[in-house]
Amino acid sequence: MITKKHTLKNLSQYFPALVNASAEASRRYCFDSAATACTLEPAITAMKQFYESAHGSVHRGVYATAEHTTQVYEQVRNATAQFIGAASSREIIFTSGATDSLNTVAYVWARHILQPGDGIIITQAEHHAHYVLWQEIAKECKAHVYVLPINPQTFCVDLSGLDHLLTKSIKVVAVTMSSNVLGPIWSKDGVLLDRLIAKSRSAGAGIVLDAAQAVAHTTLDVVKLDCDFLAFSIHKMGGPTGLGVLYARTSMHAQMKPYRFGGGMVAAVASDFMTWQAPPHCFEAGTPPIAQVVGLGAVLDFYRKNVDFGELVAYEAMLCAQFIAGIKTIPGVIIVGNSELLSRHGHVVSWYVEGIHAHDIASTLSSYGCTVRAGDHCAHPVSEVWNKRATVRVSFFMYTAPSDVEYLIDAVRKSIYAWRAVL
Amino acid sequence: MNGAMLVHDELLDHYKFPRYRKVIENPHFSALTFNQSCGDRISISGRISDGVIIACGFQGEGCVLSQAAASLLMEHIHGSEVAEVRKITAAFMQERIGIAVGPTRLRCVLLALETLMQALEKNQ
């Protein structure tokens, strides 16, 4: 029985994809927000208005509408800086997404500071956007990648080898704030990310944080985090696709050089030389995703007015606890992750069923209207912790109602029993 | 069709009782591939005599679709001329499994065929 929708402050009303699908017969249960979230109505409206009104490109035209567009674009950069506690809007680089942001760090900074024999520390739980990137950069720079393992009992990063690793020439420590498979926000308890950053900082390494799974689920404060770079995507916040943010601490700018060249990033060009602009503009060659940045402005405004991250963390954690309690008693269900931490500050729960493949479960759940993710979630190395089995991942967001989770638990139970009956 | 599971009895039968699940010794063709979206793997090996596949087998782990499709494919190619086997298309496999799937699940269905084609290509 589907009960009246209750979400955090009833925020689901701001997501047209959910409102439009509210008829129970065609109800769409969105449990794949960790991949991409439903889009906020204010962002859609702002982008529609932008496209329907006179506008120009940024930092180029001198006519009034182009000047206005430039002002709006830079105001959003400023709002983004405030959202993550950056000291200056010059520390905010717009990219095409978190993957692009991380690649930008690697190519504009790491490639210039890594020497043969230097080390890069990552964790086993990194998304491929981080893992593969640093493998490739290490090859190019003749550097080494050191992987901090995931403890198979706690599903947390094992820091026991960190002190030994930091005796080597570690130049980069690149880690996720929240694994897209395992879930908890690793800065919340002050025991993992904080320790890792503090020790790595003391050893002189630059700190790169992948905040793709954190940005919409906890407060980000780059000063408190003490990171040098931080990357995230806007579509995971309820904004448009095709836009990401890279925070680059001012003190790192001197070590960074552009790796994409074109209009908008140069200061002067002659037939035999060029100079480029100061950051962030020198890292935004070509016409940027202006409409998406306008959409981001509306997203940030929405978060400022409606989202209390303290409440949101507790709410999503409550949904995780509800889901875990509902499925853990089903025979054969194995939860991949730390249930206790997920029940304090999680938003994703990954699991598998003995004898039934994750794809089969996910396809069956789809027939019940539940959208979940199945597979290895672009994070192959972490699946080695549980023998490389594909998992089903469900993710919750501000618009998920407890009644949705109840429906999901029921659908999971039905799906498993249906497969058990024929296999 | 089994309700919400979207598979039919023949697929379930091939999944539960796979044909040709074996490794062929001293193979003339063999390959191993992975499904990039879930890490599932299929390996295929076989022997050829006078242009005909006289032995074939697969190994692997995966969902009902990937394993049943591999079993169906082995059954289809055993005793067939290599030249004919090379002409097997994705559309044939889609039709053979008898259910409609989206592009991501289609990778599961086609994993065995891709492996087979790689194996034959390598051993040309």
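What radius of gyration does chain B have, and what would a compact globule with 124 residues have? Chain B has 14 Å, which agrees with the value near 14 Å for a compact globule of 124 residues. Here the radius of gyration is taken over C-alpha atoms, and the globule rule is 2.2 Å times the number of residues to the power 0.38.

This is a predicted model, in which local features need pLDDT of at least 70 and side-chain atom pairs count only at pLDDT 80 or more, while totals for chains, interfaces and linings use all residues. Residues are numbered from 1 along each chain as its sequence is written, and chains are lettered from A and ligands numbered from 1 in the order in which they are written.

**View 1. Chain B on its own.**
Chain B comes to five helices and three strands, and along the sequence the pattern reads α-β-β-β-α-α-α-α. (Helices are DSSP runs of H or I with at least four residues, strands are runs of E with at least two, and both are numbered from the N terminus.) The C-alpha trace of chain B spans about 45 × 25 × 25 Å along its principal axes. Of its 124 residues, 40% count as buried; that label takes 20 or more other C-beta atoms within 10 Å of a residue's own, with 12 or fewer for exposed, partly exposed in between, and C-beta atoms placed from the backbone. The mean pLDDT of chain B is 92, with 95% of its residues at 70 or more; pLDDT is the predictor's confidence in each residue, from 0 to 100.

**View 2. Where chain A meets chain B.**
Here 20 residues of chain A are in contact with 16 residues of chain B, contact being C-beta atoms, placed from the backbone, that lie within 7 Å. On the chain A side, two or more residues come from each of α12 (358–367), β14 (373–375), α13 (380–383) and α14 (402–422). Helix α12(A) gives the most, with six residues. By class, this side of chain A has eight nonpolar, nine polar and three charged residues. (Ala, Val, Leu, Ile, Met, Phe, Trp, Tyr, Cys and Pro count as nonpolar, Asp, Glu, Lys and Arg as charged, and the others, Gly among them, as polar.) For the model, ipTM is 0.84 and pTM is 0.92.

**View 3. The two domains of chain A.**
Chain A is assigned domain 1 (8–30 + 308–422) and domain 2 (46–304), with bounds from an automatic or database domain assignment. Taken over C-alpha atoms, the centres of the two domains are 28 Å apart. Their contact takes 23 residues from domain 1 and 23 residues from domain 2. On the domain 1 side, α10 (309–327), α11 (339–345), β12 (348–353) and α13 of chain A each supply at least two residues, and α10(A) gives the most, with four. That side divides into 14 nonpolar, seven polar and two charged residues.

**View 4. Inside the largest nonpolar core.**
This core has 140 residues, and A:V105, A:L209, A:A211, A:F229, A:A231 and A:Y247 touch the most other members. (A nonpolar core is a set of buried Ala, Val, Leu, Ile, Met, Phe, Trp, Tyr and Cys residues joined through C-beta atoms within 7 Å.) Domain 1 and domain 2 of chain A each put in at least three residues. Leaving aside neighbours within four places in sequence, A:A211 is in contact with A:M177, A:L220, A:L230, A:A231 and A:F232. Another core lies apart from this one, with 32 residues, among them B:I44, B:C56, B:M74 and B:I77.

Most residues other than glycine have a negative phi, and most peptide bonds are trans. A cis peptide bond, with omega about 5°, joins A:P279 and A:P280; A:P280 sits in the loop between β10 (273–276) and α9 (290–306). A:H59 is not a glycine, yet has a positive phi of about 60°, and its place is the loop between α2 (41–52) and α3 (64–83) of chain A. A:H59 counts as partly exposed because 19 other C-beta atoms lie within 10 Å. A:H377, also not a glycine, has a positive phi of about 60° and lies in the loop between β14 and α13 of chain A. A:H377 counts as buried because it has 25 C-beta neighbours inside 10 Å.

Chain A has a mean pLDDT of 92, and 96% of its residues reach 70 or more. Over residues 1–5 of chain A, though, the pLDDT is below 50, and this stretch has seven contacts in the model beyond near neighbours in sequence. Where pLDDT is low, the predicted coordinates should not be read in detail.

Methods: Two residues are in contact if their C-beta atoms, placed from the backbone, lie within 7 Å.
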